[in-house]
Amino acid sequence: MERFAALLDGLIFTPARNGKLTLIKEYFRSAPDPDRGWALAAMTGELAFREVKPSQIRALVLERIDETLFDLSYDFVGDLAETVSLIWRSPAAAAESPPRLKDIVEKLHAATRVDAPARLAGWLDALDATGRWALLKLVTGGLRVGVSARLAKTALAEWAAVPLDDIETVWHGVAPPYRELFQWLEGRAPRPTIAGQPTFTPIMLAQPLDDADLDKLDATGYRAEWKWDGVRVQLVARGDQRRLYSRSGDDIGTAFPELVAAMPAGVVLDGELLVMRDGEVASFNDLQQRLNRKVASPKTMAEFPAWVRLYDLLESGGQDLRALTFDERRARLENWYAARQPAMMDLSPLLPFQTWHELKELRAGARGRGIEGIMLKRADSAYVSGRPRGPWFKWKRDALTLDTVLMYAQRGHGKRSSFYSDYTFGVWRGDELVPVGKAYFGFTDDELRRLDRWVREHTTERFGPVRAVTPELVLEIAFDSIHRSTRHKSGVAMRFPRIHRIRWDKPASEADHIDNVERLIS
Amino acid sequence: MSAPGSPEDWLRVTANGLYCEPGDFFIDPRWPVDRAVITHGHGDHARAGHRRVLATPGTVAIMRHRHPGDATSYQPLPYGEALSLEGVDVKLVPAGHILGSAQVVIDYRGQRVVVSGDYKRRADLTCPPFEPQQCDIFITEATFGLPVFRHPPDVDEIEKLLQSLMLFPERAHLVGVYALGKCQRVIALLRRQGYEAPIFMHGALFGLCGVYQAQGVPLGALQPIGGVAKTELAGKIVLAPPGAQNEVWARRLPDPRTASASGWMRVRQRAKASGIELPLVISDHADWDELVATIDEVKPGELWVTHGAEEALLYQASRMGVTARALSLVGYEDEE
Ligand SMILES: [Zn+2]
Ligand SMILES: [Zn+2]
């Protein structure tokens, strides 16, 4: 447990992704089985306890320390687990030696609500302050150490020197404490079998394409379809099991139960998740309403009807189709779709074109809702996980831009922690600026240094790591689209905002007005 | 034990700090006075501009270094030697806080008051340990006067730093330390744990390290970062005053991992709020257990609390049957 506690303690203080990876890899290297498997489960959100309530923890500590002193301390510290871990007095000779993570998991799972507190007290006596803190965070389900499931899996992949895709592929076929997973990664056992399991297949991604690259490609060898502005998903139905996965392999089925229920058996499909009303793709913001909820109510399902527009067929009737060409898979997808007519799904149509010029015209005309650009797929391309160079391209619509004024700057993390590198910018409403977004990339290191100096020299106010600046610097912001949002003060939210150009030359008074922003809302 | 009258008749709390009327001296006053007795060299205790200062030789050396232009007349009084000021006996006894730090022991008309200044009970390689004195009135600080404050062994914390150097060999380790006391203690601890490499330092730290070395505290090789290639600072320890990680100066360090050595690092939320990646709980102040144990040991008739988290300590004293009051002295900072 001490090692796991030290890991959590390190993670909570280490903001940079690379630093977190280093700490997790070191843990996988040094911790024994099955403790490291349980730790992995805790980090990927697959380990939960409901046996201990905060009120029981408070009761335990008040058996040992004066209530007034506890309350004064809690008041100062502000977090129950932290206060208890710091204030707890172990008896001079602890009755037990410090528990291992596996002891805690096994014994607490076997414990009842009645005997769990006594177990917990014994462990609190045996651990030091950091161990107690980690234990309390673990049993009350509040790890929050800034590690996503994906980061934990990335650390696992880097530690074992295997591609992340390999981990994702077997992930839903293995269970905590992942003994067979670690044995395979250490070369002590074969790869865990996933046949018949509704596991995720890492998806195939496209390379970005510039207009200039186009002429190097042979138009007749490629197929084109719209790039829909939703969320890429994978539908897996094997045996009687069905799953809806996001592009990173997270199971998002509980948020879209109607889609899961409607999935015909025996297929793996690749598609775009959308909100669809009367055959029209709704805004990305509408889709966000569904994605933000872990569980969908009947009202939400009716208000934001979910839909999948199908791109590809990876498996059918137990047969893996990924090695076939795109044309062959597409033919099978069309046959399958015609035979089943599944509810809440349709096919993403292929775009007819002979020359790049024709396709360019199609693209230029595509200002409709829900279209982000065009996907180009080589007719003979196999379905290969990851982002291979060559077979698939995404050719996005031109980005939109706005001239905005820098309002606040915030210090970055890690390598950027001495720089003001996160920028909040606004546009004019009358003679007042309203913030419309935040960007922290799109500039070179030299520009960052210059921006940082400018921020330091034009500071008007400081709030912790944030500085307000005089409204004098124009930032040209590029973004993919802009939507209405109730979660932002300005009422709008941008997708992928980045600094396109720093307009050192342009007076702030010539920056855009909120009316211009309204016009760009899709 | 107590003679007619009480020490409150001759030791008063004033806006300018504690004042001993018959001896005509202030202890750690905020503004210039004719005669000051100084417990230790921290800026909030040893201010400039007094006409005469009585302090230990260590504190005098620190004050001379910090206030070079002062016309102050210094009277060094070694630990344990008594001196009579207008019939009031004054003695300076180790407080274990930093080099030269002292408790002021005042005997007058058969009564004894001990002004502890800042103190700690843990061993410190840079100064002699606190010596408890039984007394009628014990005047204590309460910087860490809550039972959540229990400092772990300092070598364990230094080991955390040395482990991190191995785990992140590509990053400089920038440790925030106060220039007086904490800086030299951290260096001494590193040396004691076998770290022999040169320790790199921010320019602001060299002066006081020189004072310590002149007073006979060995610190090993100390080096400024000016002129050192950035790559050479990877995996090295660099000491700087707190907050220097946010300064332009820090850009000369490769991807610095920021540490801080302070008792406040004990509380995770606080450490995290200050943007520290590697908190090191190393304190020059007594933790809760030390405060309570000291009251128990010196068995004062009365406890006066100068500054810090006094509410819990006053409550604890009452549970121990000791009469206690808060002086709420202003002007002291929790320099940790
Ligand atoms: Zn001090
Ligand atoms: Zn002080």
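Before going on, some ground rules. This is a predicted model, where local features need pLDDT of at least 70 and side-chain atom pairs count only at pLDDT 80 or more, while totals for chains, interfaces and linings use all residues. Residues are numbered from 1 along each chain as its sequence is written, chains are lettered from A and ligands numbered from 1 in the order in which they are written, and side-chain values use heavy atoms, with hydrogens and water left out.

Let's stay with chain B. Its secondary structure comes to seven helices and 19 strands; helices (H or I, at least four residues) and strands (E, at least two) are DSSP runs, numbered from the N terminus. The C-alpha trace spans about 70 × 45 × 30 Å along the principal axes of chain B. How does the radius of gyration of chain B fit with a compact globule? For 336 residues such a globule would come out near 20 Å, and chain B has 21 Å, which agrees. That radius is taken over C-alpha atoms, and the globule rule is 2.2 Å times the number of residues to the power 0.38.

Of the 336 residues in chain B, 59% are buried. Buried here means under 20% relative accessible area, exposed means over 50%, and partly exposed is in between (1.4 Å probe, protein chains only). Now take contacts in chain B between residues at least 6 apart in sequence: 61% of them join residues at least 24 apart. A contact means heavy atoms within 4.5 Å. As for charge, chain B has 33 positive and 40 negative charges, and their mean positions are 5 Å apart. Lys and Arg count as positive and Asp and Glu as negative, with His and the chain ends not counted; each charge is placed at NZ of Lys, CZ of Arg, CG of Asp or CD of Glu.

On to chain A. Here there are 19 helices and 20 strands, and the C-alpha atoms fill a box of roughly 85 × 65 × 45 Å along the principal axes. Chain A has 522 residues, of which 54% count as buried. Its accessible surface comes to about 23500 Å², with 49% belonging to carbon and sulfur atoms. Among contacts in chain A with a separation of 6 or more, residues 24 or more positions apart account for 69%. The 74 positive and 73 negative charges of chain A have mean positions 1 Å apart.

One helix in chain A is worth a stop. Why is helix α9 (residues 129-139) of chain A described as largely enclosed by the rest of the structure? Because 10 of its 11 residues are buried. Among them are R132(A), W133(A) and K137(A). Just after α9(A), G141(A) takes a positive phi of about 70°.

Now the aromatic rings. Rings of Phe, Tyr and Trp (its six-membered ring) pair if their centres lie within 6.5 Å; planes under 30 degrees apart count as stacked, over 60 as edge-to-face and the rest as tilted. By this rule there are 24 aromatic pairs over all chains. One of them joins F76(A) and F149(B), edge-to-face, at 5.6 Å centre to centre with 65° between the planes. Which parts of the two chains does that pair link? It runs from F76(A) in helix α5 (residues 67-77) of chain A to F149(B) in the loop between β11 (137-142) and α2 (154-167) of chain B. F76(A) is partly exposed, at 30% relative accessible area, whereas F149(B) is buried at 1%. Elsewhere, F4(A), Y27(A), F28(A), W159(A) and F182(A) form one aromatic cluster.

Finally, some backbone details. The peptide bond from D33(A) to P34(A) is cis, with omega near -5°, and P34(A) is found in the loop between α2 (17-30) and α3 (35-43) of chain A. Another cis peptide bond joins P176(A) and P177(A), with omega about 0°; P177(A) lies in the loop between α11 (164-171) and α12 (179-185) of chain A.

D278(A) has a positive phi of about 50° although it is not a glycine. This residue, D278(A), sits in the loop between β5 (267-277) and β6 (280-281) of chain A and is exposed, at 80% relative accessibility. R109(B) also has a positive phi of about 50° without being a glycine. Its place is in the loop between β9 (102-108) and β10 (111-115) of chain B, and R109(B) is exposed too, with a relative accessible area of 59%.

Terms used
Accessible areas come from the Shrake-Rupley method with a 1.4 Å probe; for residues, only the protein chains shown count as cover.
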